Amino acid sequence: MPFAADHRLVTIDHHIAEEEDLHPEATGDFSSLLHDILFAIRIIARDVRRAGLNDILGLAKKTNIHGEQVRKLDTYSNDVIKGALLKGGNVCVMASEENDDIILPEIGKCGKYVVAFDPLDGSNNIDANVTIGTIFSVYKRLDIKLDTLGTVEDLLQPGYKQVFAGYVLYGSSTNLVYTTGHGVNVFTYDPTLGEFLLTKRNLKIPSRGSIYSTNVGYFNKWHEWNQQYIEYLNEFSEDGTRPYSLRYIATGVADIHRTLHYGGIYLYYRDSHYTNGKLRLVYEANALAMIVEQAGGRAIDGERRILSIKPHSIHQRTPVIIGSEEDVNEAELFLKGIHPYQTGE
Ligand code: F6P
Ligand code: MN
């Protein structure tokens, strides 16, 4: 089929250049940081595809035939990202799900950006070849002096200060979804070209969906409002809008990706086991919240916008209620006890 007359391949480099025009304050360092991130993503995408062959699936603490330590894919991805970003010289401090403490560059290799990342979200799904992902949040450092290293305070900025939020999905194809505060764009990796190509510009989430995504196995651990809300979504309604379908991959980034495309809601609220929710605020929830908001959706912890929370620790957890605006609004009414819910009995 011939290409449409306006068909234009937009590579991520073109797009980064376009985004720089939207940020007159950008100096080129930001593009340089994005290139460091892209370099790490290309390596991880390649190795995720070959994971079973490379003997990097499964448990760590094994030794391969060369007598080398065999690393799990998540610790491997962590090393790749740290290596690429530290070498690039654009970061002053980082946090990762895989590191208890902050990660610092060498003095003299310090840049003006702060990066928090989850190197491999959904790592429980790795051995079953189910979609996994990587999540990034980028901030500017608080102290603009470049002769000092960053501190934990740089990482504890509220999510609304992110200058870049993105995730990668290693699924049936590799997608990169990101925002710099001017809408959400989706790129798909073409391994034959070695390029990320723009496949969706300015992605918008439907204002309401018909899918919910939550671990219903924990129903008996949930708060009553949460149980009632899910029971409500399961019920038949006269107008045909319910019951909703349940979809749960248990890779948060994949569940949110589907929610962005089809609409609906993803919930991981407090329960009797995870009393503050399960997702990590700094390197999981904040990036996902910014992307969903930029696509026109909502992301709350039950009381406030996730992006407004001032973190107190890099590994803190947060409850997450995220997705289509009308669905999150409705869940919030249940949470506040003001939804006029009547059971069908
Ligand atoms: O990183 C947290 C996470 O792995 C998410 O990616 C995922 O949505 C969730 O936890 C799955 O948790 P559970 O197995 O408790 O449903
Ligand atoms: Mn994770």
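On a 1 Å grid over the protein atoms alone, a pocket is an open set of points with protein on both sides within 12 Å along at least five of seven lines. A molecule sits in such a pocket if more than half of its atoms lie within 2 Å of its grid points. In this predicted model, the largest pocket is the space taken by ligand 1. Residues are numbered from 1 along each chain as its sequence is written, and ligands are numbered from 1 in the order in which they are written. Local features need pLDDT of at least 70, side-chain atom pairs count only at pLDDT 80 or more, and side-chain values use heavy atoms, without hydrogens and water.

The residues around ligand 1 (those with a heavy atom within 4 Å of it) include Asp121, Asn215, Lys278 and Glu284. This shell divides into 5 nonpolar, 3 polar and 3 charged residues; in this division Tyr and Ala count as nonpolar, Asp, Glu and Lys as charged, and Gly as polar. Polar side-chain atoms lie at 2.5 Å from a ligand oxygen atom for Tyr248, at 2.6 Å for Glu284 and at 2.7 Å for Tyr266. Taken alone, ligand 1 exposes 400 Å², of which the protein buries 86%; such areas come from the Shrake-Rupley method with a 1.4 Å probe.

Glu284 also takes part in a metal site. The manganese ion (ligand 2) is coordinated by Asp118 (OD), Asp121 (OD) and Glu284 (OE) at 2.0 to 2.3 Å, where donors are N, O and S atoms within 2.8 Å of the metal. Asp118 belongs to strand β4 (residues 113-121) and Glu284 to helix α8 (residues 281-294), so the pair ties together parts that are 166 residues apart in sequence. Helices (H or I, at least four residues) and strands (E, at least two) are DSSP runs, numbered from the N terminus.

A cis peptide bond with omega of about 10° joins Arg242 and Pro243, and Pro243 is found in the loop between α6 (224-234) and β11 (245-246). Asn129, in the loop between β4 and β5 (132-140), has a positive phi near 60° although Asn129 is a residue other than glycine.

Key:
A polar contact is a pair of N or O atoms within 3.5 Å; within protein, one must be able to donate a hydrogen and the other to accept it, and residues adjacent in sequence count only if both atoms are side-chain atoms. On a 1 Å grid over the protein atoms alone, a cavity is a set of points where a 1.4 Å probe fits but cannot get out, and a pocket is an open set with protein on both sides within 12 Å along at least five of seven lines; lining residues have an atom within 4 Å of a point. Donors are N, O and S atoms within 2.8 Å of the metal (3.2 Å for Na, K and Ca); water is not among the atoms, so sites may look incomplete.
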